[in-house]
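Subject: Structure handover

Hello,

Please find the structure we discussed below. My notes on strands and salt bridges follow it.

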Amino acid sequence: MTTLRWATPLVLAAAVLTGCQHSTPTASSTSAVEAPPVQPVQVDTLQKLGYTQRWVTDLTIRPNEWISQITLLNDQLIVIQQPSNLVRAVSVRDGSTLWRNVVGEATDELYEPVRIGNRIYINTGHRVYAIAADTGTKLSIGDLQSSVADGPAVSGLNLIFGSLTGKIFAHSTVTGHSAWVMSTPEGILVRPVVDGNDVFVADRAGNYKMLSTTGELLWYGRALAQISAKPILNANGVFVASDDQTFRALNRINGKDRWTYRATAALRGSPTALGGTLYLPLPTGELAAIDPLNGAELWKLPGKPTPLLLNDQKLLLYTSASLLLVDNQSSKTLMQVPIAPVQKVMVGPDNSLILIAADGQVQRLDKGQ
């Protein structure tokens, strides 16, 4: 009962937010259930259900602009707009804009930012910018050793990149140069993943390597086709989806296969780990829940749902036209609310909820006292 009360305000809050926006699902979008029109819910209803609206802000995204990156870094929500490359820091405390600055050249694509101490790092395909987190002032511009197509992983004071030429390099934020360099046979399309002292990286030919954060090769292996989905590296192992239609679990110590899960076509959607379950987007548009210990399929859910939050075996997912609350053990639908598209839902400080719509409406909800 407690969990259901926790989840209900989030679902209704999404309806509040999306009642203010004008975007609609595209003709190609699908959902698990045909959705009726959205009915806005009043803020006082949220209060009765245990949530209060802390703030609402409008980023005023112009018609010819769109949000390309949304990242929560400490107490700031960093929002990047294209094609202007306008970077904005929004205070998670009160929703105010702390600073705005244009980063990079007009032709540059900005990748997902990261933060080390009081500096935010944003890279393009060939440069990395250091920005003061409190003011947005550009502090330095550094050239990357090789061209990249994604943001970095962070290890200490190093930014670890995978390049289009197959190089894996640790860009030192202290010296502005590479601390170490390794390589894979082919170009790397997805950022490396770091957990503790380990770095896992995979290339577009299916080759993968486990390195230490100091650049030492620990082990290597290969899938039978391209890897373009971001792998998972955690205490349960390494989990890799590839174009060879296989989702594989690797032993973190030696890289040997623990189990494989086979799909009917190339796997290009990145898996997610929440609690003790893996969630894998399938080429059929279904989401598969998988046991990380043995690779057993627990259930499949149609409608291209994206997992957002898991609390006490109640899973909240987003589809193109609705928010779903399901039982994580059976996939039985507990609640479904139709919405216009919400671009992202994030968990903020003190278990607050931050909802971002594609048109720039942002809202923070706090649990009631």
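How many bridges join β12 to strand β13 (residues 178-183)? There are 5, and the two strands run antiparallel. Two strands are taken to pair if DSSP finds at least two bridges between them. Strands themselves are DSSP runs (E, at least two residues), as helices are (H or I, at least four residues), and both are numbered from the N terminus.

Some notes on the source. This is a predicted model, in which local features need pLDDT of at least 70 and side-chain atom pairs count only at pLDDT 80 or more, while totals for chains, interfaces and linings use all residues. Residues are numbered from 1 along each chain as its sequence is written, and side-chain values use heavy atoms, with hydrogens and water left out.

Strand β12 (residues 167-172) has 5 of its 6 residues buried, so it is largely enclosed by the rest of the structure. Buried means under 20% relative accessible area, exposed means over 50%, and partly exposed lies in between (1.4 Å probe, protein chains only).

β20 is largely enclosed by the rest of the structure, because 5 of its 5 residues are buried. T246, R248 and L250 point one way from the strand, while F247 and A249 point the other way. On one pairing, strand β19 (residues 237-241) meets β20 in the antiparallel sense over 4 bridges, with A241 opposite F247. The hairpin of β19 and β20 has 4 residues between the strands, and Q245 in this hairpin takes a positive phi near 70 degrees. On the other pairing, β20 and β21 run antiparallel and are joined by 5 bridges. F247 has Y261 as its bridge partner in β21. The hairpin of β20 and β21 has 6 residues between the strands, and G255 takes a positive phi near 85 degrees.

Salt bridges

Side chains of opposite charge can pair when their charged atoms come close. A salt bridge here is a side-chain nitrogen of Lys or Arg within 4 Å of a carboxyl oxygen of Asp or Glu. The structure holds 12 of them.

- R248 and D244 meet in a salt bridge at 3.1 Å, N to O. R248 counts as buried because its relative accessibility is 8%, and D244 counts as buried at 10%.
- D198 and R252 form a salt bridge, with the closest N and O atoms 3.0 Å apart. This pair links distant parts of the chain, 54 residues apart: D198 is in strand β15 (residues 198-202) and R252 is in the loop between β20 (246-250) and β21 (257-262). Both D198 and R252 are buried.
- R127 and D143 form a salt bridge, with the closest N and O atoms 3.5 Å apart. R127 lies in strand β8 (residues 127-132) and D143 in strand β9 (residues 138-143), 16 residues apart. R127 is partly exposed, because its relative accessibility is 27%, whereas D143 is exposed at 55%.

Regards
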